[in-house]
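Me: I would like to learn how to read the side-chain contacts in a structure of this kind. Could you take me through the features one at a time?

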Amino acid sequence: MSKPVTPPLYTPADLEGWDAERDLGYPGQFPFTRGIQPTMYRGRPWTMRQYAGMGDAEESNRRYKYLLAHGTTGLSVAFDLPTQIGFDSDHPSALGEVGKAGVAIDSIEDMQRLFDGIDLEKISTSMTINSTASILLALYVAVARRNGADLRKLSGTVQNDILKEYISRGTYIYPPRQAMRIVTDLFAWANQNLPQWNTISISGYHMREAGSTAVQEVAFTLANAVTYVQAALDAGLKVDDFAPRISFFFNCHNNFLEEVAKFRAARRMWARLMRDRFGARDVRSLTLRFHTQTAGSTLMAQQPEINIVRTALQALAAVLGGTQSLHTNGFDEALALPTEQAARIALRSQQIIAYESGAAQTVDPLGGSYYVEALTSQIESAANAYLQKIESLGGMLKAIESGFVQQEIQNAAYDFQQRVDRGEAVLVGVNRFQIDEEKPVPLQRVDPALEAKQVASVRALRARRDRKKWQAAMAGVEAAARAGENLMPSIISAVENFATVGEISDTLRKVFGEYQEAVVV
């Protein structure tokens, strides 16, 4: 598979069949190619939401307060791997992983410490969590109740996108169909209780990190979205009741103008899908709201300081593509979790774009560019071809179960690596412009003593809780799972009675079973 050659010059001839009113329109109006709000960043800048989490709750809380003090406008929680796959910190499989890739959260007490001193009514919180999303949201809600917060004022996002775990990331627990039931239960409960909360963040980010192309990222993300919408409809929900709280999460990679076009194409496709396929009428159901993170896979261990340039360009592409919130990676993340200095520089990159670059002074400044508009249409056409192929396979669940989606991404990743190896794709500092000696940079280190502290904490909690109340709450989770009732009320009751993430996950494992990956070669 060779990369298509981009013509050196674009002219009106490259827009044959393109209609400005139909395909471009105006910001804030269907098909939203130019953005979902009429004024975009002239009204207010995007949310600067820096992703962070490490060690235990106290350590992460200090980083959140540091970021807030330096101008971040939203929190984004990174959880460690045991939390993501439903193991408590003292589980044998958690050994060596506690607090390493994010914060360890086992119980309501950990969640209380994580947000100590932070007003949950006034800050928007995103939680990157999928298999255990319902449990982590329950913990957040339980802490908000403890603190006397009005649940209807809570704002934020829970990723809750389980399908991409089977495709590209692997932090799944249950078989897909049972996992989808948990997703739609969260939709229904939040619709009644958390009106300002985004109940899903459908993610193309991890597929891009796994090696997908821009077209594949759009196509597979929207195919997942179609699956979630249909599952919610099948569960008896009305499209305009839940669709306004659907959000998306995209990667922003190195090909600057392709990334801008990718975001515009995704917005237009979603608007048309929701109106024409699902009959949505609420304008909020048609608007693709998305968070962007710069591409971790493009960060290089060689000459790590130049990752600052990569990240800044990716962030600018996300802004010109119309993102609603943005995380910029630390330059040292190819080596370790970011230091405070790296996190601050990453945040300052966003602030320079917002307040010094002029990029936010006008809405969709690249709109009407022959190249950008042609590329937007090309991405849309190619992504629609993938959607049709997936439909022919019986939908996204079957496409995942057959390994089709995984194979397409693997092929794309292999093709790119071959081009790097041949020198056709240039990676600055890696296969060109190398230096003989690398100057070491300071790295963030997670204190190894934190794991033992976290293990002791969860064991102490189990020893002092009211065992009868805990048992009754856990029985309620199992009964709801077996009866097909909405799981959220019983999970909230369980965490309020000091049930742990691992215990609730194990109860659901007992009812739903565990997923066994289909190996694709």
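Reply: What follows goes from the overall build of the chain to its aromatic pairs and then to its salt bridges. Please keep in mind that this is a predicted model.

Me: How many helices and strands does the chain have, and what radius of gyration does the chain have beside that of a compact globule?

Reply: The secondary structure comes to 21 helices and nine strands. For 521 residues a compact globule would have a radius of gyration near 24 Å, and because the chain has 23 Å, the two agree. Along the principal axes, the C-alpha atoms fill a box of roughly 75 × 60 × 50 Å. Buried residues make up 57% of the chain, and among the contacts with a separation of 6 or more, 78% are between residues 24 or more positions apart.

Me: How is a pair of aromatic rings described, and how many aromatic pairs does a search of the whole structure find?

Reply: Such a pair is described by two values, the distance of the centres and the angle of the planes. The search of the whole structure finds 19 aromatic pairs. One of them joins Phe115 and Tyr140 in an edge-to-face arrangement, with 5.2 Å from centre to centre and 85 degrees between the planes.

Me: Are Phe115 and Tyr140 buried or exposed, and which aromatic pair do Tyr140 and Trp197 form?

Reply: Phe115 and Tyr140 are both buried. Tyr140 also pairs with Trp197, here in a tilted arrangement with 5.2 Å from centre to centre and 50 degrees between the planes. This second pair again links distant parts of the chain, with Tyr140 in helix H5 and Trp197 in strand S5 (residues 197–198), 57 residues apart. Tyr140 has a relative accessible area of 1%, so this residue counts as buried, and Trp197 is buried because its relative accessibility is 0%. Elsewhere, Phe248, Phe250, Phe263, Trp270 and Phe290 form one aromatic cluster.

Me: How many salt bridges does the count come to, and where in the chain are Glu58 and Arg113?

Reply: The general idea is to look for a side-chain nitrogen of Lys or Arg within 4 Å of a carboxyl oxygen of Asp or Glu, and by this rule the count comes to 36 salt bridges. One of these joins the side chains of Glu58 and Arg113, at 3.1 Å from N to O. Glu58 is in helix H2 (residues 57–69) and Arg113 in helix H4, 55 residues apart. Glu58 counts as partly exposed because its relative accessibility is 26%, and Arg113, at 25%, is partly exposed as well.

Me: Which parts of the chain does the pair of Arg459 and Asp90 tie together?

Reply: The side chains of Arg459 and Asp90 meet in a salt bridge of 3.3 Å, N to O. Arg459 lies in helix H18 (residues 449–464) and Asp90 in the loop between helix H3 (81–84) and H4, so the pair ties together parts that are 369 residues apart in sequence. Both residues belong to a network of salt bridges that links Asp88, Asp90, Arg459, Arg462, Arg465 and Glu503.

Me: Where does Arg465 lie relative to Trp470?

Reply: Arg465 lies over the face of Trp470, at 4.2 Å from the ring centre.

How values were computed. Residues are numbered from 1 along each chain as its sequence is written. This is a predicted model: local features need pLDDT of at least 70, side-chain atom pairs count only at pLDDT 80 or more; totals for chains, interfaces and linings use all residues. Side-chain values use heavy atoms; hydrogens and water are left out. Rings of Phe, Tyr and Trp (its six-membered ring) pair if their centres lie within 6.5 Å; planes under 30 degrees apart count as stacked, over 60 as edge-to-face and the rest as tilted. Buried means under 20% relative accessible area, exposed over 50%, partly exposed in between (1.4 Å probe, protein chains only). Helices (H or I, at least four residues) and strands (E, at least two) are DSSP runs, numbered from the N terminus. A charge sits over a ring if NZ of Lys or CZ of Arg is within 6 Å of the ring centre and within 35 degrees of the ring normal. The radius of gyration is taken over C-alpha atoms; the globule rule is 2.2 Å times the number of residues to the power 0.38. Contact means heavy atoms within 4.5 Å.
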